[in-house]
Structures are given as structure tokens and as C-alpha cells.
Amino acid sequence: MPRLEEHCWSCSCSRRRDQNCTPVSPWITSRVGKVMSSLNSLISLAYSTLASNEGRSLMRRSIVLFSVGAFLALVLNLLQIQRNVTLFPEEVIATIFSSAWWVPPCCGTAAAVVGLLYPFIDRHLGEPHEFKREWASVMRCIAVFVGINHASAKLDFANNVQLSLTLAALSLGLWWTFDRSRSGLGLGITIAFLATLITQFLVYNGVYQYTSPDFLYIRSWLPCIFFSGGVTVGNIGRQLAMGPQEKVHND
């Protein structure tokens, strides 16, 4: 009898434990299986995308845009430092081209994102950009953008309001001369707004600073530079994304 009672007690306890544990274990297993299957599908999708012609083209365009953005960041930041507009710590000034190490990678990454976003938005809206689609126009746009950035450090006005209004007019003139698309205008304004907020955050946290800030912690003309830079990088991205049939048609 004791053995039978012990056997019954052990069976009832084990039965209770099984009832308590059984619902949890299959749920965890199913969730883990779903996560693993999702990861496998994402990896296979990414591999197939990169292996395709479109994926290779996307990688080439990203590398070119990153290189252009990093190079322009070095050159333009050097112009700003020479005019004592941007101040970095002394140990940073001693680095290559008097620029902080993180500036070129960040600008290159931003250029790659913006340059890929412009043709994507054009396709999504169903409004292909066809205004001045040739490399000569793109190179002129880059030259005008460098000129606007140089003017922000070189020109002397009675006050910063006049300088900001002048640069705003030049930036809109750049968009009208080399873009004239609604998507380009909207993306340029969005990029200028977001980039200005990020710059405010960086300056507020002491990453670097501007001499004589007049717009919270930065210079009031900085959104104009971001706007014209977005339009310039967008035109480069559009030109790189142009297919062979479009090039033959334009020629």
C-alpha cells in the first residue's frame, strides 16, 4: 500500500508539472523557429539581391556616393576651418586635412543614403527626372555647390540675416537650374531640416562648435548649405542610377 500511494503521489505530481510546463515549451520552440526562419529568409533575400545585377549596381553606386561625400566633406570643411568658422580641439586640428576623423565617414554615409533615395523617390512617385540629365550638368552643379559653401565662409555682410537670405536665394537658384522637380525640392527641405537638428544636437553636446552662432547653437545659413548639398548629391545619385537605355535616349 505505501508503495502504491507513493506511486500515485509521484504520478499526480509529475502530471501536474507536465501540465504546467507543457504549454510553455512548445510556445518558446515555435517562436524561436519563426525567428530563425525569418532570419534565414532575410539572409537569403539579401544574398539574392546582392548577387543580382541590381544589387551589384546598388553597391557600386553606394561606394561612389560614399567616396564623393567623404571627399567633399574634407574639402569643404577645410575651407570652413581656414576662415575660422568651425572650431575643433587642438588635437583634432593636427589630423589629416584639419578635419575630425568621423566627419568624412558620416558625410559619406549621408551622401550614399541621399543619393540612393532621390532616384527611389522618383520611381515611387512615377515622375522620372529628365531635366539636364548629363554629367556635364552634374559637374556644374557640384561646382556651384562648392561656390555656395565657399561664399558662406568668404562673404562679409552687415549681419547674418543678409548672408542667410543671400545663400537661401543661391540654394534655390541651384535647385531651379539643375533640378526643378517637386521631389528634389521636398527632399532638399527635409534633408536641411533633419541635418540642422542633428548638427544642433552635436554642437549642444560639445562635439564641436561654430564661431559666432546666431541660430541657437549654429550659424543661420547652415540649412541653406544642407539644402544645396542634398540637391547636388541627389543629382549625382540620379545620374548614377540612369540605365543604359536612358543614356542612349539622351545621347
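**View 1. G206, with a positive phi near 80°, comes after helix α8.** Everything here is a predicted model, in which local features need pLDDT of at least 70 and side-chain atom pairs count only at pLDDT 80 or more, while totals for chains, interfaces and linings use all residues. Residues are numbered from 1 along each chain as its sequence is written, and side-chain values use heavy atoms, with hydrogens and water left out. Helices (H or I, at least four residues) and strands (E, at least two) are DSSP runs, numbered from the N terminus. The 23 residues of α8 reach 33 Å from first C-alpha to last, close to the 33 Å expected at 1.5 Å a residue; the expected span is 1.5 Å times one less than the number of residues. Buried residues of α8 include L187, I191, A195, T199 and V203. Buried means under 20% relative accessible area, exposed over 50%, and partly exposed in between, with a 1.4 Å probe and protein chains only. The buried residues of α8 pack against α5, α7 (160-178), β2 (209-210) and α9, where a contact means heavy atoms within 4.5 Å.

**View 2. R180 sits in the loop between α7 and α8.** Although R180 is not a glycine, its phi is positive, about 65°. Most residues other than glycine have a negative phi. R180 is partly exposed, because its relative accessibility is 42%.

View 3. With a relative accessible area of 52%, R60 is exposed, whereas R61 is buried at 13%. Leaving aside residues up to four places away in sequence, R61 touches L116, P119, L240 and A241.

**View 4. The largest pocket has a volume of about 1,100 Å³.** Of the 36 residues lining this pocket, C107, A110, A195, T199 and F226 are the closest to its centre. The elements giving two or more residues to the lining are α3 (53-82), α5 (103-125), α6, α8 (182-204) and α9 (222-241). A pocket is an open set of points on a 1 Å grid over the protein atoms alone where a 1.4 Å probe fits, with protein on both sides within 12 Å along at least five of seven lines; lining residues have an atom within 4 Å of a point. The volume is the space filled by probe spheres set on the points, which are joined across faces, edges and corners. By class, the lining has 27 nonpolar, nine polar and no charged residues. Ala, Val, Leu, Ile, Met, Phe, Trp, Tyr, Cys and Pro count as nonpolar, Asp, Glu, Lys and Arg as charged, and the others, Gly among them, as polar.

**View 5. Helix α6 spans residues 135-154.** Its end C-alpha atoms are 28 Å apart, which agrees with the 28 Å that 20 residues should span at 1.5 Å a residue. Among the buried residues of α6 are V138, C141, I142, F145 and I148. C141 counts as buried because its relative accessibility is 1%.

View 6. From the N terminus, the elements run α-α-α-β-α-α-α-α-α-β-α-α. Of its 251 residues, 35% count as buried. C224 is buried, with a relative accessible area of 12%. The count of disulfides is zero, taking a disulfide as a pair of cysteine sulfur atoms within 2.5 Å.
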